[in-house]
Amino acid sequence: MKLFPRACIAFFAVTLMIGCQSKTEKTNEVEETVENNMEIQAVKVGQWEGKDVFKYSLDNGFMEVEMTNFGGIISKILVPDKNGNLENVVLSLDSIPQYFTGNGPYLGAAVGRYANRISKGSFMLDGEKVEVTKNIGENHLHGGRKGFGVKVWDQAEPYDSENGVGVKMHYLSVDGEEGFPGNLDTWLYMELTSDNEIKVRFESTTDKKTVVNLTNHSYFNLGGIKRDVKDHEVQIMADAYTEVDNQSIPTGELINVEGTPFDFRTPKNLGEQMEAKGGGFDHNYATKRENSSELLEIAKVKHPESGRIMEVFSTAPGVQFYTSNGMRDFKGAEGKVYQPFWAFCLEPQAWPDSPNHSNFPSAALEPGEKYVHEIVFKFEVEK
């Protein structure tokens, strides 16, 4: 795996600029700053609800990542295979403006205030019933009808870290939005490092007790999105998953994976596990039994044909493993039509429906506390 040294930011923009200690060249449209091997480019691509939307392209010389302040979306990840062929490994759309009205599956989005499901769209908080938007039958999913993944995040600003470049952005979810209490103030940091890591970090505070569960909802296909992902090898570092009913709502029970098709504690061929199960996966794996700030490796996926490997790290107590079962005839980038099982999601997060289960790690956030969730997607290629 190739590693590249820390570098300053190379930043291209029409209206948005940052400083950097290196030579600057100006044209009539673009300001450009260049140094060493890492760079970030920013281009205004349109407006949504009166706010400017930018596309950011990050490059460390090994891989390239595209993201936007619309929905905090990671819209493209280009990774070489063992022969050096650079291919996109996430389901995507051809242009950022297409996400404004055409991202029903939450491709690459930052989802919240509450990722995953809340049963019956309600829960008790300090003895009071809170009712949130019901947008999947009688239940709540991924923040409601207009969650974080369809908002323009403001104060977007590129930054230079110790060993990478990134973009930080902000969103204020006002008291009562989608039914959730409290003004939730959130910063999202997304970074590409010289170690071929995509680092995602959410930081939130509130002025009233609320619940928070934020994650990234990228759909991965390490084979370059040519067919389904049944030829991938999957490992999930968890010995139990949360049992669900026929609406994917947790029953409150934890089920041990041993001796079942849900057992990915050692690398398993995904297609074989799906055949044994009789279908795809859409389940939360318990990577921790309680909340902690420890960043743990929770999953590892390999595509033997291309040699691409992705490791996933998180501070959250769970990870939703989803094999895009509901994806059908979805028109994606480059004329591709996405079908069921063409991708997998590993969504680190709180356990689904946590506010309704006292035995689950709590998703509550009090005034004066800070919610912090870190996610790392690390890529390499096995020759």
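**Exercise 1.** Which residue lies over the face of Trp187, and at what distance from the ring centre?

*Solution.* The model is predicted: local features need pLDDT of at least 70, side-chain atom pairs count only at pLDDT 80 or more, and totals for chains, interfaces and linings use all residues. Residues are numbered from 1 along each chain as its sequence is written, and side-chain values use heavy atoms, with hydrogens and water left out.

Step 1. Apply the criterion: a charge sits over a ring if NZ of Lys or CZ of Arg is within 6 Å of the ring centre and within 35 degrees of the ring normal.
Step 2. Lys168 lies over the face of Trp187, 5.7 Å from the ring centre.
Step 3. Likewise, Arg201 has its charged end over the ring of Tyr189, at 4.2 Å from the centre.

**Exercise 2.** Is Thr186 buried or exposed, and which side chain forms a polar contact with its own?

*Solution.* 
Step 1. Buried means under 20% relative accessible area, exposed over 50%, and partly exposed in between (1.4 Å probe, protein chains only). Thr186 has 0% relative accessibility, so it counts as buried.
Step 2. Eight of the 10 residues of β15 are buried, so the strand is largely enclosed by the rest of the structure.
Step 3. A polar contact is a pair of N or O atoms within 3.5 Å; within protein, one must be able to donate a hydrogen and the other to accept it, and residues adjacent in sequence count only if both atoms are side-chain atoms. The side chains of Thr186 and Ser204 make one of 2.7 Å.
Step 4. In the strand pairing, Thr186 stands opposite Ser204 in β16.

Note on methods. Helix = DSSP H or I, 4+ residues; strand = E, 2+ residues; numbered from the N terminus. Pairing = 2+ DSSP bridges.
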